[in-house]
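Here is a short briefing to read alongside the sequence and the 3D view.

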Amino acid sequence: MTMKALWITVLAVGTSLTGCSQKISMANMPSVVQNGLKTQFPNAVNLEWEKNGDMFEAEFDFTQQEYAALVDATGKVVAVKQEIDATQLPEPILQQIKTSHQDYTLDDVEKVERDGQVLYQVELQKTMREVKQVYTSAGASSSETFWD
């Protein structure tokens, strides 16, 4: 499976199963999954877990920022989403937004990383309308699925 196909699968699973995800208490979480997350984020706080199909999604705070991570059943962190400030968006993305969505304001801005690939997803709003868009760091629109 290519990296892009795997990436699409991970995001599609996370997105499509959001409606049927199941919250899981820490007591019921497999220790291998918890340890996998703790290895990468040792000081994560306010941790909440959900199970989406075969994947576990953790939402937590780390270094005073909001994160989400998809962890597989072996404890491997396969994707990480980090809330960032709009000022942290690469300049090509800001220019693309100014050109293609000039009447919109930036709402939520997130950086998504998977196997070294970095994407940025933004929510753009104007009166009675919201657009969710994924960009490459070069400012190109991406066909990757938005990770809610």
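Strand β2 (residues 45–52) runs antiparallel to strand β3 (residues 55–62), and six bridges join the two. Please keep in mind that this is a predicted model.

- Look for N52, which stands opposite M55 in β3.
- Strands of a sheet pair through backbone hydrogen bonds, and the pairing can be parallel or antiparallel.

**The whole sheet**
- In what order do the eight strands of the open sheet come? The order is β1-β2-β3-β4-β5-β6-β7-β8, with antiparallel pairing.
- The edges of the sheet are β1 (22–24) and β8 (129–136). Each of these has a single partner strand, so one side of each is left without a neighbour in the sheet.
- From one strand to the next, the twist averages 20°.

**A helix on the sheet**
- Helix α3 (residues 91–100) packs on the sheet, where it touches β6 (105–114), β7 (117–126) and β8.
- The direction of helix α3 makes about 145° with that of β8.

**Two hairpins to trace**
- Strands β6 and β7 are antiparallel partners over eight bridges. Along this pair, you can find K111 opposite Y120 in β7.
- A hairpin is formed by β6 and β7, with two residues between them.
- Next, β7 and β8 run antiparallel and are joined by eight bridges. Here L119 has T136 in β8 as its bridge partner.
- β7 and β8 also form a hairpin with two residues between them. Which residue in that turn has a positive phi of about 60°? It is M128.

**A closer look at E50**
- Back in strand β2, find E50.
- Is E50 buried or exposed? Its relative accessible area is 18%, and buried means under 20%, so E50 counts as buried.
- The side chain of E50 makes a polar contact with the side chain of S21, at 2.9 Å.
- Leaving aside residues up to four places away in sequence, E50 touches S21, Q22, K23, I24, M55, F56 and E57. Among them is M55, the residue that N52 stands opposite in β3.

Key:
Residues are numbered from 1 along each chain as its sequence is written. This is a predicted model: local features need pLDDT of at least 70, side-chain atom pairs count only at pLDDT 80 or more; totals for chains, interfaces and linings use all residues. Side-chain values use heavy atoms; hydrogens and water are left out. Two strands pair if DSSP finds at least two bridges between them. Helices (H or I, at least four residues) and strands (E, at least two) are DSSP runs, numbered from the N terminus. Axes are lines fitted to C-alpha atoms, for helices over the stretch in contact, and angles run from 0 to 180 degrees between N-to-C directions. Contact means heavy atoms within 4.5 Å. Buried means under 20% relative accessible area, exposed over 50%, partly exposed in between (1.4 Å probe, protein chains only). A polar contact is a pair of N or O atoms within 3.5 Å; within protein, one must be able to donate a hydrogen and the other to accept it, and residues adjacent in sequence count only if both atoms are side-chain atoms.
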